[in-house]
Amino acid sequence: MVLLIAAVVPMSGPLAVASSGVPASADTGTLRISAVFDDGSALPDTALVRINDVDAGATDASGAATVAWSAGQANVSVILPSLAKGSASATVVAGETTDVRVVLFDGEDTYEPSTLTMDELVNGGVDAATPSVTLRFRRESDRAVVPMASVQMVTLETPADPEQDLTALFGVAPDGAVVATDVPKLTGVLASLSSSEATLTVQAVDAAGLSYAEEVSFAPGLFRVTVALQAPSSKPGLPLAGVPVAVRFGTVDTTMTTDDAGRLVLDHVPTGPVTVGASVFVDGLWFGGAAEFTAAANGALTLTMRAPADVLAGVAPWNLTTDGAASADRATSSGEHDVKLRQDHAAARANTLNVFAPQAANVDATSAAENVPQVRSATATVPKGTSQIILGYQVQSAEYPQNVEARSRYNDTWGVSLLGPAGQNLFSISRSVNSQLTTPPIWRFDPFNGGITGGINQYIDVSALTADSAAVVTLTVTATNIGAPGGKTKVSADLSSASSTLAINGIRKDRVPQPATGRSDRFSIPRPGAANTFQRTFDVDYSKAANVTATRAKVELLDASNNVLQTVTDAAVGEPEVTQVDADTLRVRATFGGGAQSNVVGTPPPADSIRYRVTLTGQRTNGTAVTSPAQLSEEFHPLWRMPDGFDRYSTRDPGGDDWASQQTYDWLVSNRQLVTRINDISGEHGRNIGHQTHLEGRDIDLFHVYRFPNNPQFNGTVNFYRLVEDTQAALTGNAESRDRVAAWVTQTRARFSALIADDDVQRIYYAIGRSITGKGAAAPALQQGWARTLLETGSYTNAAGQTVNLGTGAWPDAGNAKMRYNVVHDNHFHLTLVE
C-alpha cells in the first residue's frame with residue numbers, strides 16, 4: 001500500500017501549554033485540570049483540552065492544565081490526539097477555582113466526531129465521467145470544514161465487490177480537502193463495479209494530529225430520464241398538463257408537475273431504482289399511472305394513465321426506452337375475467353358482516369423479459385353491506401440472497417394494487433427486491449425459492465363503497481425483470497372475506513446505536529443465568545378483523561434449523577415486554593431482561609445464524625380466543641461471550657465488549673498462541689463502543705506483541721511512547737535502545753507473519769508512527785511513517801539525516817495486502833477476521 005503524505009503532521013509538541021481559555025473577568029472562574037489514564041498511568045505527552053466543544057488549551061507533559069472559563073456548566077475533554085480521550089463535567093463558579101479530574105481510556109479508536117461530504121455528489125450519485133472527486137470532513141458540532149494535513153487511507157467497497165485500497169489515488173489539496181489525484185484510474189475502477197451502491201471510506205489527520213474517519217456512499221453513474229404521460233385509448237382526450245407527478249430516486253423524494261405536453265425531465269438520476277406515479281380524476285373516474293424501474297442509462301419513460309377498464313384490457317402500464325435499446329414496449333396481461341364473489345352466510349351470521357367466500361379472486365405474475373412488466377388483474381364484486389375484505393399477498397424471488405445482498409443491477413420490481421369502482425386507490429405497495437433488505441416486507445431465505453416474504457394480509461375497509469350497493473374492485477399484481485439474467489420474481493395476491501382472524505404482516509427490528517452502515521443484525525445471547533444489559537425490540541405489524549383485539553405476544557429464539565433455543569418473551573399487551581405502538585403495531589422485547597435470563601449454552605456457541613418466531617394471541621368480542629399463524633423474522637447473527645482464559649487490558653464497556661461471532665469464538669480457541677492481551681471485540685448487539693468497525697463480532701483489538709520496560713499496567717499508549725523514546729535514543733547511538741527496538745521489530749514481524757498466513761485473518765492494522773517533534777534540543781524528530789518503515793525495512797533515517805539500522809534486514813511480508821497502517825493504531829493492533 002502506498003500512502004500519500006501531503007504534509008508533515010506534528011503530533012507532539014505543537015499544543016501550546018499555558019493558562020488559557022477565555023479572558024478573565026468578573027464572570028469567569030478557573031478550572032484546574034488533571035488528566036490520567038484509567039489504569040493510573042501518567043500521560044506520556046501533552047494533550048488537547050476542549051471545553052464545551054471549544055478548544056481551550058493544552059495540558060503539560062504531566063497531564064495538568066489551568067484554564068479560565070465562563071461561569072456555568074463545563075464539559076471538559078482531554079484528548080491525546082488520535083490515541084486516547086476522556087471527559088468530565090464541572091460547574092465553574094465565578095472567582096473560584098474548581099478541580100477537575102479527567103480519566104482517559106487507552107485502546108479506543110480516537111476519531112473526531114465528523115461527517116464526510118463529496119462535492120461532486122448529486123442526488124446520491126456521481127457522474128461516471130466526473131472530472132474530480134473532492135472529499136471534505138466537517139466537524140459534527142458546527143458543520144465547519146476541517147482541513148486535513150495527510151491522508152492515512154482510502155478504501156472502496158460495495159456489497160458485491162471486495163474492498164479495494166485506493167490510497168495511492170488520493171492526496172490533500174492546498175485547502176485541506178482530500179482529492180483524487182488520478183481521476184481517470186479512479187473512474188475506471190468505478191466503471192468496473194458490479195453493484196449499484198459504493199462506499200468510500202477515508203481516514204485522514206489534521207494539523208493538530210487529530211484523526212478523522214468517515215465514509216460516504218453513492219451510486220456510480222448519473223443519467224437523464226424524460227417522463228411523458230400518455231392518455232389511454234379509453235380516454236384519448238385525458239388532460240395531462242399540470243399533473244402532479246410523484247418521483248423518487250436516489251436522495252430525491254418529491255412531486256413535480258408536467259408541462260403543457262404532459263412531460264417532465266428528471267435530471268441527475270443516479271444508478272438505481274426510480275419510482276414515478278401520477279393520477280388524474282376526470283368524469284367520475286380516476287386514471288392512474290405508476291412505474292418502478294432501475295436507471296442504468298439515459299432514457300425516456302412513457303407512463304400510461306389507466307382506469308380500471310384499461311387495466312383489465314391489458315393496457316401496458318409503462319414503456320421505457322434507453323440510449324441504444326428499447327424495452328417494455330408491451331405488457332403481458334390476463335385477467336379479463338370477472339369473479340362473482342359468493343356470500344358466506346354462516347360467517348355473516350357469526351360476525352354480523354356480509355362477507356364472501358375465501359380466495360374468491362386470486363392473481364399472480366412472474367417476471368420475464370427485461371423491463372417488460374408482467375401484469376395480471378382480476379375483478380371481484382363485493383356484496384352490499386360488507387365492512388372489510390382481506391387482500392393477501394406474498395412475494396418470492398430467486399434474486400435473493402446472492403444478487404440482492406450484492407445490491408446488483410438485477411433489481412427486479414413488483415407491486416400489488418387494489419382499485420375501487422371509480423379507479424380510486426384502496427391499497428398499493430411496490431418494491432424493488434434490493435430494498436427489501438431493510439424495508440418491509442423483509443426477505444427470508446427459503447432453500448427452494450430463494451427469498452420469500454411469507455403471506456401478508458391487509459384488511460381493507462370497504463364499508464363506504466358497499467353502503468348502498470355491491471362494489472366492483474380490481475386487483476392487480478405486477479412483476480418486472482430488471483437487468484435481465486438474474487432469477488425470477490413472482491408476486492401472488494388474493495381477495496377473501498374478512499373473517500375473525502389475526503395475522504402478522506411484518507417484523508421490524510429496532511436500530512442499534514452504531515455508524516450508519518451498521519445493519520443492526522447482531523443479537524447478543526448471554527450465557528446461562530445472565531441477561532442482556534441493553535434490550536432490543538421488534539415492531540410487529542399485524543392485521544385483524546374488526547371484532548378482534550390483540551392480547552398477547554410470544555417471541556421464540558430459534559437456531560438455523562428453526563429449533564427453539566428458548567422462549568424470550570411471552571407476555572400480555574400492556575406489560576413492559578409488549579406495548580401498543582399504534583392501532584396495528586406491537587413493540588415486543590426480543591432479548592433477555594425484566595427478570596428473564598438466558599438458558600442458552602454458549603460455550604461453545606451452538607449457532608452462527610438465528611431467527612425469531614413471533615405469535616400473537618387475540619380475543620373476539622364474543623370472548624373466544626384467536627391465534628395468529630406464527631411468523632418468522634429475517635435471519636440474524638448471534639454474538640456470544642468470547643472464550644474464557646484470555647488476558648485483558650484497558651477498561652470494560654457497559655453491556656460487555658467481548659461479544660464474538662461463532663467463527664471468532666472458534667478462531668480464538670484454536671489460535672491462543674497468536675493472541676496477546678485483548679481489549680475488546682464487539683459491544684453488546686454490535687453497538688457502538690467508540691470504534692468505526694467492531695459491529696459484527698469479528699474485529700479484535702489487541703495489545704502490542706512486544707512490551708517495553710517501564711509499562712507495568714500494559715498501557716498501549718505508554719508502550720508506544722516507550723518505542724518512541726527508544727527509537728529516538730537509537731538514532732543517537734544508544735545500543736540498549738536499539739536492541740529493544742530490534743526486538744520489537746523481530747517479535748512483531750514473527751507474530752504478524754503467522755497471522756498473515758492464516759486464511760481466516762482478513763486484515764491487520766498497526767502503527768504507522770505519528771510525527772514526533774523532539775522533546776528537548778537533543779531528542780531527534782521522527783517523521784510520520786517511521787514505525788512502519790522500521791517494521792518493514794529494519795532501518796530508519798529521519799529528516800535530519802540521523803540513521804538507525806537494526807540489523808534485522810527487510811521483512812518478507814512488507815507490503816502484504818493484509819497489512820494497513822495509521823496513527824489511530826499506534827497504540828494497539830487490530831485484527832479483522834473473514835466473514
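Residues are numbered from 1 along each chain as its sequence is written. Local features need a pLDDT of at least 70 and side-chain atom pairs count only at 80 or more, while totals for chains, interfaces and linings use all residues, and side-chain values use heavy atoms, with hydrogens and water left out.

The pLDDT is the predictor's confidence in each residue, from 0 to 100. For the protein chain its mean is 90, and 91% of the residues reach 70 or more. Over residues 1–14, however, the pLDDT is below 50; this stretch has 55 contacts (heavy atoms within 4.5 Å) in the model beyond near neighbours in sequence. Residues 325–359 also have a pLDDT below 50, with 95 contacts beyond near neighbours in sequence. Where pLDDT is low, the predicted coordinates should not be read in detail.

Helices (H or I, at least four residues) and strands (E, at least two) are DSSP runs, numbered from the N terminus. Helix α8, residues 786–793, is largely enclosed by the rest of the structure, because six of its eight residues are buried. Buried means under 20% relative accessible area, exposed over 50%, and partly exposed in between (1.4 Å probe, protein chains only). The buried residues of α8 are Trp786, Ala787, Arg788, Leu790, Leu791 and Glu792. Their cover includes the helices α6 (716–731) and α7 (735–756) and the strand β54 (761–767). After α8 comes Gly794, with a positive phi near 85 degrees.

Two of the covering helices, α6 and α7, also pack against each other, at an angle of about 125 degrees and with their axes 8 Å apart. Axes are lines fitted to C-alpha atoms, for helices over the stretch in contact, and angles run from 0 to 180 degrees between N-to-C directions. The angle makes α6 oblique to α7, since angles under 35 degrees count as roughly parallel, over 145 as roughly antiparallel, 65 to 115 as roughly perpendicular and the rest as oblique. Leu723 and Asp726 of α6 and Arg738 and Trp744 of α7 are among the residues that make the contact.

Most residues other than glycine have a negative phi, and most peptide bonds are trans. Arg407, although not a glycine, has a positive phi of about 50 degrees, and this residue is buried, with a relative accessible area of 16%. His694 has a positive phi of about 60 degrees and is buried at 1%. A cis peptide bond joins Tyr400 and Pro401, and another joins Thr603 and Pro604.
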